[in-house]
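Here is a brief report on a structure. The sequence and coordinates come first.

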Amino acid sequence: MMMPPRHRAIWLGAVLLFLLPLLVLVATGYSETGRYGMLSAARVMLAELGLTAPSAEHDILKLRLLRALCAVGVGGSLALAGAMTQGLFRNPLAEPGLLGVGSGAMLGAVVAIALLGGYGPDMWTRPQAGDGLAAAAWTRVVALGLVPLLAFVGALAATFTIYRLATRQGRISVAGLLLTGLAINALLGALMAALQVLLLPDWQASRAIIAWGFGTFDDRSLFHIVVVWSGALVALAAMPLVALELDLLAGGEDDAATLGADPARVKTVVLACVALATAASVSVSGQIAFVGLLVPHVTRLLVGPHHRRLLPVAFLAGATLLLLVVVFQHGLCPVLAEWVAAGSPRLAVACRRVTSMQPGALTSLLGAPFFLYLLLRQGRRVLGG
Amino acid sequence: MRTAPNGTSNESGAAALVARDVRLTYPNGVRALDGASISVAPGEFLAIIGPNGSGKSSFLRVLAGLQPADSGQVLLEGDAVSALEARERARRVALVPQTLDVLPGYSVEDFVLMGRYSHLSGWRLYTRHDYEVARECLKRVDAAEFSTRGMNEMSGGERQRALVARALAQEARTVLLDEPTSALDLSHQLLVYRLIHEMHRGAGRTIVVVTHDLNLASQFAQRLALMQRGRMVSEGAPADVLRREVLEKVYGSELAYGMFERTIAGGSRPWVLPWARPETSDT
């Protein structure tokens, strides 16, 4: 590990770039609903383009491919947004959630779920009996789009409110942003709790809210993928505009300004990217904890703080991590369950349970102890900022 | 050395930096600047001195273009500093902060390269030339041997060298320094002023330093400007400003006066020290 950080960044980036498509193939080919080989993803795409006839398992494989693409987009977006936030706030403990993106999206989603009375694939894949065809199509669109839409609106509204409240005389202070964020997050959390309590009698809605709260990539449609990747692409495209400037911010805003950077412009671009990318992710997959905090942090330890290396590698690392979670849950756990089935039926049941766990819960389960370990190992460096 | 590609402002004999009647009141009602004016000739070394709260640092921030004034004018090489685009401004004026907390992970060389930001072209990639300039500037301040070490592992003196090297790498004709010695021991105070002297004499920069230290200012600067309550109360050669009649009004009467016989800037210069004069027994 005594490689210079610059070389380490290139190596890590190359390995991740190689690993990502491989994991997409694995995630599409292998899961608890059957193993169809590494080329399944290619078969789905050929069939979708109308070049070959769809296979019998086409629908299952398509859902798996979408799940994998969703995980890649969400993981990359959250990690990239986290890296940008930490650079802007000059604090390795900052994360997009401070800007109200998460709680705003959650409140929007809860409102939408309350209006719909639930949220799940049965609402957009099967036409409802008795409806006319056009009406059925319309209900499906509403059922599919309302939760992401309101979550997206909620995320941006919360971020914008915090941004406005923290702006004084045209200048935005980082401390002001943190404090305002804290207050608004608390308010949104309280509103959400109240709504959830009111919705408790509605079993269907409550279940959907809890599931959404921990995040899921299951049963995503092409629409979800487009939303996630739009946000991710905006943030990726903005990377070259802010990477070097975020480095200049290492000595503070005034110092960056004397070097010729425009801290106000950097702040606006970064906050817009973070809000868009995170809102797109959270509105599609719900809350995935710790990726936006942990992945950039660990990436920085490996490749150094230079944002030209940090931002792209963090994106790849976040995407890989969530894809690994998907492969672990749906690829590895069913296999493990089979292996141990004869010896210990209970362990097999546990393994199968992990398969249906929310990936957001899994990232918390793995992320929190790891983060604690990092804090203890180099507490001074992390806390001293 | 490359200079800013802007010919409009380089009339011969124009001042490097002019401030006219600058006023500034902070939102909390504190009036920091109340008609401050100064004119700095190209290649001059000016020290702005004055008691705590006299507005020195605010004035420096206005001169650097970091803080817009409420009224008045600041001209940098003939152009209003507030109207200059950020990178153009950075090519003309550099600011050396008092201290700087840099996030971990950046080496001294990374830090000095940041001074090249305003010279980068469209893709904002450091060129071979930028690396050469950075290396030269590090050599100039005797910092070449620790260029690969982390910026936040530096001792106070090493950090000051890196700060000066970065300002040199910026290749701005005017360099402003904010209280460069206030946190340093005696030997490091001298080191910093030798670095400033090198920027002035060796690299030909126009220097404006804001400082509490009358004696270092007296030894090194060509001209002093004494500030009180947001404006200049005295201006001129050190011997004209560091006089009993002038300083007593600003700092009170408990001061002792003397002369450095010879100084690095040439000739003799006055010194001033605080002196708790005991009551004489026979009065």
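## Two arginines with positive phi

Arg229(B) sits in the loop that joins strand S9 (223-228) and strand S10 (231-236) of chain B. Helices (H or I, at least four residues) and strands (E, at least two) are DSSP runs, numbered from the N terminus. Phi of Arg229(B) is near 45 degrees, a positive value in a non-glycine residue. Arg229(B) is exposed, at 64% relative accessible area.

Arg124(B) also has a positive phi, about 55 degrees, and is not a glycine. Its loop lies between helix H3 (108-114) and helix H4 (128-140) of chain B. Arg124(B) counts as buried, at 14% relative accessibility. Buried means under 20% relative accessible area, exposed over 50%, partly exposed in between (1.4 Å probe, protein chains only).

## Basis of the model

This is a predicted model: local features need pLDDT of at least 70, side-chain atom pairs count only at pLDDT 80 or more, and totals for chains, interfaces and linings use all residues. Residues are numbered from 1 along each chain as its sequence is written, chains are lettered from A and ligands numbered from 1 in the order in which they are written, and side-chain values use heavy atoms, leaving out hydrogens and water.

## Open sheet in chain B

Four strands of chain B form an open antiparallel sheet, ordered S2-S1-S4-S5. Strands S2 (31-40) and S5 (79-80) are at the edges with a single partner strand each, so one side of each has no neighbour in the sheet. Two strands pair if DSSP finds at least two bridges between them. S1 (residues 17-25) and S4 (residues 71-76) of chain B pair over five bridges. Arg23(B) stands opposite Ser71(B) in S4(B).
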